[in-house]
Amino acid sequence: MPWWAWLITAIGVVAVVSAAMLAYWNNAVKVVRYDYESQRLPKSFEGFSIAHISDFHNKNYGKGAKRLVKKVIAENPHIIVISGDMIQSSRMKNAMALVEALVEIAPVYYASGNHERYVEKYPLFKEHMRACGVTVLEDETVELNRGGERIFIGGVIDPRFYMERGCEREDEFAKHVKKVVRDEGFNLLISHRPEFMGAYVAAGADLVLSGHAHAGQVRLPFIGAIFTPGERFHPKYVVGRYDKDRTTMIVSGGLGSSSPILRVFNCPQLLIETLHSKAETDL
């Protein structure tokens, strides 16, 4: 075979392999598990399981989002938390179908993301969620009772609703966080933005569930993320667990994409956070 035939064959193989890898990175949902311990968590919540969904962006996971829903069902969570960016532009059919399926699995709690701010039909989507039974938290807090004990679940409105892009100030956002974090008891906070870790620590939130950064969208081996929507280049809070003082923030890599840039070395994530009550003798 002449050299040019070998070259064409090699290019074809590389193209096929690259296409297969991109399809995998953008569609294969990875279940990522976290165990969280706190002395402040009531004993009745030992082993409490949370399925954490973020940055869905109206992605197609099959009719009724069945590929994603199947994974959530298999985890049998006590509650489901959605940390924003469910819809994309004016598209929300897949997101509506996902919500309809999730409420049949467990109670669902939702706080907005930045992309909801610019969707004209977002109020309709929000009402659809409420009609399905989702607890939509807009600078609000609810109690969750279990075995005669309680924790607080709070959710904050994304700062894009009251501050323009590039002008999101942490001091202003912190006022909204303080509204929902209670002085007494254990506080689980749903907030889309990981870059405002300082506000969560200052307010005394115990566990913060966040998203937004898409784990960097494009990740490089041995380097990780080089860019995120919130922190731009050289981001600090991208994906995973971050601890400071008594506050732990867990950031989801998300399930969809808000840009034409495909995920690279970065599979969509469904997080499962299991809570554990840590006794004083364990300290």
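Modeller: Two strands count as paired if DSSP finds at least two bridges between them. In this predicted model, 5 bridges join strand 2 (residues 48–53) to strand 16 (residues 269–277), so these two strands meet the requirement of at least two bridges and are called a pair.

Colleague: Which residue is the bridge partner of Ser 49 in strand 16, and in which directions do strand 2 and strand 16 run?

Modeller: The partner of Ser 49 is Thr 274, and the two strands run antiparallel. They belong to an open sheet of 6 strands, ordered 1-16-2-3-4-5, in which the pairing is mixed.

Colleague: What makes strand 1 and strand 5 the edge strands of that sheet?

Modeller: Strand 1 (30–38) and strand 5 (135–136) each pair on one side only. The whole protein chain has 6 helices and 16 strands, and a second open sheet of 6 strands, again with mixed pairing, has the order 6-7-8-9-15-14.

Colleague: Why are strand 6 and strand 14 said to stand at the edges?

Modeller: Strand 6 (140–146) and strand 14 (240–244) each have a single partner strand, so one side of each is left without a neighbour in the sheet. From one strand to the next, the twist of this sheet averages 20°.

Colleague: How do you know that strand 9 and strand 15 are a pair?

Modeller: There are 4 bridges between strand 9 (residues 207–210) and strand 15 (residues 247–251), and the definition asks for at least two, so the two strands are paired. They run parallel, and one of the bridges links Leu 207 to Thr 248 in strand 15. Helix 5 (residues 170–180) packs on this sheet, where it touches strand 6, strand 7 (149–155) and strand 8 (187–190), and its direction makes about 135° with that of strand 8.

Colleague: How many bridges join strand 6 to strand 7, and which residue in their hairpin takes a positive phi?

Modeller: Strand 6 and strand 7 are joined by 7 bridges and run antiparallel, with Asn 145 bridged to Arg 150 in strand 7. Their hairpin has 2 residues between the strands, and Gly 147 there takes a positive phi near 60°.

Colleague: Why is Ser 210 called buried?

Modeller: Ser 210, which has its place in strand 9, has a relative accessibility of 0%, and buried means under 20%, so the residue falls in that class. Beyond its neighbours within four places in sequence, Ser 210 is in contact with residues including His 52, Ser 83, His 192 and Ile 250. Across the protein chain, buried residues make up 51% of the 283 residues.

Colleague: What makes Ile 223, by contrast, an exposed residue?

Modeller: The relative accessible area of Ile 223 is 59%, and exposed means over 50%, so the value is on the exposed side of the cut-off. Ile 223 lies in the loop between strand 10 (219–220) and strand 11 (224–225), and together with Leu 220, Phe 222 and Ile 226 it forms a nonpolar patch on the surface, with about 480 Å² of accessible area.

Colleague: How do you know that Glu 127 and Arg 130 form a salt bridge?

Modeller: Their closest N and O atoms are 3.2 Å apart, and the definition requires a side-chain nitrogen of Lys or Arg within 4 Å of a carboxyl oxygen of Asp or Glu, so the pair qualifies. Being 3 residues apart in helix 4 (residues 122–132), Glu 127 and Arg 130 are separated by about one helical turn.

Colleague: Why are Glu 127 and Arg 130 called partly exposed?

Modeller: Glu 127 has a relative accessibility of 44% and Arg 130 one of 34%; since buried means under 20% and exposed over 50%, with partly exposed in between, each value belongs to the intermediate class.

Key
Residues numbered from 1 in each chain as written. Predicted model: local features only at pLDDT ≥ 70, side-chain atom pairs only at ≥ 80, totals over all residues. Heavy atoms only, no water. Patch = residues over 30% accessible without salt bridge, like charges linked within 9 Å, V, L, I, M, F, W, Y side chains within 5 Å. Areas by Shrake-Rupley, 256 points an atom, 1.4 Å probe, with all protein chains shown as cover. Buried < 20%, exposed > 50% of the residue type's maximum accessible area, 1.4 Å probe, protein only. Axes fitted to C-alpha atoms, helices over the stretch in contact; angles between N-to-C directions. Contact = heavy atoms within 4.5 Å.
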